[in-house]
Amino acid sequence: MRKYRWIAPIIFGLVLLVLWTFFTSTNVIGEYVLPSPQSILARLLSGLNEGYLVNSLSQTLMEAALGCLIAALIGIPLGFAIAHFAVFGATVEPYLAASQAIPAVAVAPLLVSWIGYGSAPIIALCAIMVVFPIIVNTAVGVRSLNQDLIGAARLDGCSGWNLVLKIELPLAAPSIMAGLRTGFTLAMTGAVVGEMVIGGQRGLGIELVTAQHLNDTPAMFATIALLSIVAVGLYLTLRAAEIRVVRAVAER
């Protein structure tokens, strides 16, 4: 059954690709609405060969990675604090949940007013979008730890930071990794949204805005395709790392 989990989405994707090619090649759908796969692939390869898509991708990845790092540095300790201190968790969690109702597009202009233009507000926007899933996954991971195991570690003299770093953090690592995996995908979205709203010299968001102004639909689809490919690749890479962490914890 495991092999069919891979075959089914591949077949489904091929069927969609065939239908897409048919409708665009017969002009049932206009090129300005939905470009053909061939034109999108040609524009994607052209952008990669000329280098401007590579430069834009590196800028977006840098912003997403820094935002995710900042969110991890804030979210993991905060998740531990929420899990360990009930009063603190009850105080903070409603406000964290309420913050998720605020659209990223609404936050971006405020960040420009507070921080200024450039990469800094975009990185801050990524961190804001990513920190919530990291906090939640960390808190859930710590709360779900086997309390008998924690009690046995305390009986062996492990307490304070030693307990957190040597016992709780490794055991909660799978949940934390899941939060980081989800968070980095959101960080890519945050970087693109930030570039589109805040602006900048380069980035995939800038490429989308430029293509929109030029009414260049194939270029927009090529940028979206590149973003999707990279996001899926990063997601699968982090998923593989998560599986390795789970196995390592299980073997302890």
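Modeller: Threonine 217 sits in helix 10, which covers residues 217-250. Helices here are DSSP runs of H or I with at least four residues, strands are E runs of at least two, and both are numbered from the N terminus. This is a predicted model, in which local features need pLDDT of at least 70 and side-chain atom pairs count only at pLDDT 80 or more, while totals for chains, interfaces and linings use all residues. Residues are numbered from 1 along each chain as its sequence is written, and side-chain values use heavy atoms, with hydrogens and water left out.

Threonine 217 has a relative accessible area of 6%, so it is buried (under 20%; exposed is over 50%, partly exposed in between, with a 1.4 Å probe and protein chains only). Setting aside neighbours within four places in sequence, threonine 217 contacts Glu31, Tyr32, Val33 and Pro35. Contact means heavy atoms within 4.5 Å.

Now isoleucine 122. It lies in helix 6, residues 119-143. Isoleucine 122 is buried too, at a relative accessible area of 1%. Not counting residues up to four places away in sequence, it touches Glu63, Ala191, Gly194, Glu195, Ile198 and Gly199. Its C-alpha atom is 9.9 Å from that of methionine 196, 74 residues away along the chain.

Helix 6 itself has 25 residues and reaches 36 Å from first to last C-alpha, close to the expected 36 Å. The expected span is 1.5 Å times one less than the number of residues. Helix 6 bends by about 30° at valine 130, and proline 133 follows within four residues. A bend is the angle between axes fitted to the seven residues ending at a residue and the seven starting there.

Helix 3 bends as well, by about 25° at alanine 72. Its 33 residues should span 48 Å, and its end C-alpha atoms are 48 Å apart, which agrees.

Helix 3 (residues 52-84) packs on helix 4 (residues 86-99) at about 125°, with axes 6 Å apart. That angle makes helix 3 oblique to helix 4. On the helix 3 side, the contact uses Leu78, Ala81, Ile82 and His84. Helix 4 brings Ala86, Phe88, Gly89, Val92, Glu93 and Leu96. Angles run from 0 to 180 degrees between N-to-C directions of axes fitted to C-alpha atoms over the stretch in contact. Under 35 degrees is roughly parallel, over 145 roughly antiparallel, 65 to 115 roughly perpendicular, and the rest oblique.

Overall, the protein has 10 helices and zero strands.
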